[in-house]
Each structure stands twice: as C-alpha cells, then as structure tokens.
Amino acid sequence: MISNEQVLKALSHVDDPDLKKDLVTLGMIENLQIDESIRFDLVLTTPACPMKDMMVNACKNAIRLMVDAAIPVEIHTTSRVSTTRTPDEVLRGVKNIIAVASGKGGVGKSTVSAGLALALQQMGAAVGLLDADIYGPSIPTIFGVHESPEMKTIDGRQVMIPIEKFGIRLLSIGFMTPPEQAIVWRGPMIASAFRQFVNDTDWGDLDYLIIDLPPGTGDVQLSLAQIVPLTGLVIVTTPQEVAIADARRAVSMFRIPAISKPILGVVENMAWFEPPDMPGKKYFIFGEGGGKRLAEEQQVPYLGALPLTESVRVRADKGSWDATAPDFQPFMVLAAEVARQVSIENSHKSAKFV
Ligand SMILES: Nc1ncnc2c1ncn2[C@@H]1O[C@H](COP(=O)(O)OP(=O)(O)OP(=O)(O)O)[C@@H](O)[C@H]1O
Ligand SMILES: [Mg+2]
C-alpha cells in the first residue's frame, strides 16, 4: 500500500518554476487520496497558470519514478490567487492591487486596464477596476456604463457600490459627473476622492483590483502611492522613442525610495499593425521592440505586446468587448503573464493564502 508520505516525498522534488520552491513546501498539494489510483488537487497561485501543463507532467513523472510506475495518477488543477496583504489594511477583501501607468498620454493604459480586467475575470478571478483618471475618465466609455453607483449603509457608514459589467466591479468619477463637464480639482481634493474610492466603497472580495491611472507623474500617482497599498505597477508604452522616454520617467518615479513600488513589467501596446486583408504582413508603425528594450534596460519583466487593431478601438469606443473574439486573445496572454508576475512578487514577500 502506497502512503501519503511516499507521494508527498516524491512531489517535494517538483518545483514551481516561477516561485522556485517545491510544491509541498508551497502548500499546493491538497485532498490527496490513494487507492487504485493517486488523486490530488494542485492548487496554483494564478487563475490561468502558463506553467500548468508542465507542472502536472512533472508531478506525474515524479510519482512514476519514485513511487510506482504503473498506478494511474489524476491531478485536478485549481487556483487560489496569492496575496501578501493582511485583512486589517485598507481594501481589506482585495488580494492584489495592480496600477496601470504610463509616462505619455494616449498609449493605451485604459484599454490595457479594461482588457486585463476582463481577461482575468474570464480566467475565473474576482476582479475590480478603479478609474483613477480623475480629469479624463475613460472607463465609462470603454465599458459603456453611464449610471451613478448606488450607496448603502454598512456599520453606520455610507459606502458606494461599484457598478458591475461583464462580471467586473467598476468605479469611475465619470459615473458621477456628466460626460461633458470639465473636472477641475486641486491636489488635496484628489487625495480625498481617492480615499473615498478606497475607504468608502464596498469592493467586496477581489483577487485583483486594477487601477487605471492618468498619464504622467503627478498628484494622482503620488496620492495613489501614499493611500493605496499597491502590489505593483504595469507600465504601458508604445514602441516609439517619445513614449519610451516618458515611460522611463514613470518607472523612475515609482522607484524613488519614498514611493518604492514594485514594477510588475512593461507592456508594449500598438506594437504593430497587421491589415486584416493582408494576414502575416506586419507594419511596425511606431517602431519595433522599444518596450522590450525598456524592460531590459530597467531590469523589469517584459510582459508582452499588443497589436494595433481597428476592432479593439471600436470595442473600446462602444463598450462592446467580446472575450471570445480572436482580437481579445492577446489580452488573455498578457493577463496570464501579469498574474504570473503578481504571484512571483508575492512569493518574494512570502505570500500567504487567505
Ligand atoms: N491595441 C490597440 N489597438 C487599437 N486601438 C487602441 C489600442 N490601444 C489603445 N487604442 C485606442 O487608442 C486610444 C487611446 O487609448 P487609451 O484611452 O486606452 O489610452 P490612455 O493611455 O488611457 O490615454 P490617456 O493618457 O488619455 O488616459 C483609444 O481610442 C483606444 O481605443
Ligand atoms: Mg486613460
């Protein structure tokens, strides 16, 4: 009769390639059952782990080599997103907070934020999206939502309830102001708006809260860094030199010791254009490879590239996202990579499960 100890000993020889520790130490093996077959759950730390198949195969090989070459092995993969946060902090039910930033305007932060949120939701994660572009909110347009959030009273306090669309909890200052109204706010008001979004909003339990930032390195970014316990930043740039130079400044702002937030990586947006009637023909309109070079130079992960696609622009203008459409696939790949970097970041800070 094979014992649990034998199986766990074999599995302790399998490492998570990203977290660089073995699966048993990481607490990833659950519900181990042994009779005519060996069955267990492999609990991954990201909803769509790109390394899943490789890890399943490594587990099977370890059991075959060290326990029994013939017994059938059934591995059920699930996920529980990791966090290093404690429940007494602000945004207590939120496991990971990811801000999407850029130096230059118009490079696609809001589009990337929206695509990332939807892709993570599609992978099975609980996701929220906070539009922190106080002066030029785009999330209402990108999601086609133009209604005011409702309020409710929790423990004698009035709190806002985010608006749900595509299964994502959304909040934007644009839900509360008419679209044509200019928003003129001074620094302290920005901080107080942020506090309300963070403290007086019922976000509930989330695996990921995505924050769409305005461009640059100003008051909003500073308030965010002070008020919100960020897991890390995703930096968006186009390949062109002016955008890269501004992205470099954004990276260096978040590296100032007084701010010091982890950079999860760089995304290159509008990386190329492939005309639908000329498949395979790529035009590098804004230059080639700038995002990757920036990532290498700054020694941060390169998260991948998104092509310039007319249909994506149309979807973003109309709020008509379709996660099953081919044009959405690059966002799924990007989201898997972002989730992976979050998981790695958490492992550096010795993640715990909640
Ligand atoms: N990959 C893409 N393919 C096609 N259009 C895109 C893509 N990414 C962004 N766009 C379009 O480019 C425009 C600018 O994008 P977006 O609003 O996301 O940029 P931003 O960085 O958030 O801008 P801002 O700095 O003003 O907040 C939008 O019209 C958007 O639909
Ligand atoms: Mg924007």
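In this tour, Ala, Val, Leu, Ile, Met, Phe, Trp, Tyr, Cys and Pro count as nonpolar, Asp, Glu, Lys and Arg as charged, and the others, Gly among them, as polar. The structure is a predicted model, in which local features need pLDDT of at least 70 and side-chain atom pairs count only at pLDDT 80 or more, while totals for chains, interfaces and linings use all residues. Residues are numbered from 1 along each chain as its sequence is written, chains are lettered from A and ligands numbered from 1 in the order in which they are written, and side-chain values use heavy atoms, with hydrogens and water left out.

**Stop one: the largest pocket**

Begin by selecting Leu-91, Arg-92, Arg-157, Asn-199 and Thr-201, which lie nearest the centre of the largest pocket among the 17 residues that line it. A pocket is found on a 1 Å grid over the protein atoms alone, as an open set of points where a 1.4 Å probe fits, with protein on both sides within 12 Å along at least five of seven lines, and a lining residue has an atom within 4 Å of a point. Two or more lining residues come from each of strand 7 (157-160) and helix 5 (187-199), these elements being DSSP runs numbered from the N terminus, with at least four residues (H or I) for a helix and at least two (E) for a strand. By class the lining holds seven nonpolar, four polar and six charged residues, and the space inside is about 360 Å³, a volume being the space filled by probe spheres set on the grid points, which are joined across faces, edges and corners.

**Stop two: the second largest pocket**

Next, move to the second largest pocket, with a volume of about 240 Å³. Of its 16 lining residues, select Thr-111, Met-270, Val-312, Arg-313 and Ala-316, the closest to its centre. Helix 3, helix 4 (139-143) and helix 9 each give two or more residues to this lining, and helix 9 supplies the largest share, four residues.

**Stop three: ligand 1**

Where does ligand 1 sit? Ligand 1 is found in the second largest pocket, in the sense that more than half of its atoms lie within 2 Å of the pocket's grid points. Around ligand 1 there are 16 residues, the closest being Gly-106, Gly-108, Lys-109, Ser-110 and Thr-111, where a surrounding residue has a heavy atom within 4 Å of the ligand. Helix 3 (109-122) and helix 9 (310-318) each give two or more residues to this shell, and the largest share, three residues, comes from helix 3.

Now display the polar contacts, which are pairs of N or O atoms within 3.5 Å. A polar side-chain atom of Asn-269 is 2.9 Å from a nitrogen atom of ligand 1, and a polar backbone atom of Pro-307 is likewise 2.9 Å from a nitrogen atom of the ligand. At Val-107, a polar backbone atom lies 3.2 Å from an oxygen atom of ligand 1.

Methods
A polar contact is a pair of N or O atoms within 3.5 Å; within protein, one must be able to donate a hydrogen and the other to accept it, and residues adjacent in sequence count only if both atoms are side-chain atoms.
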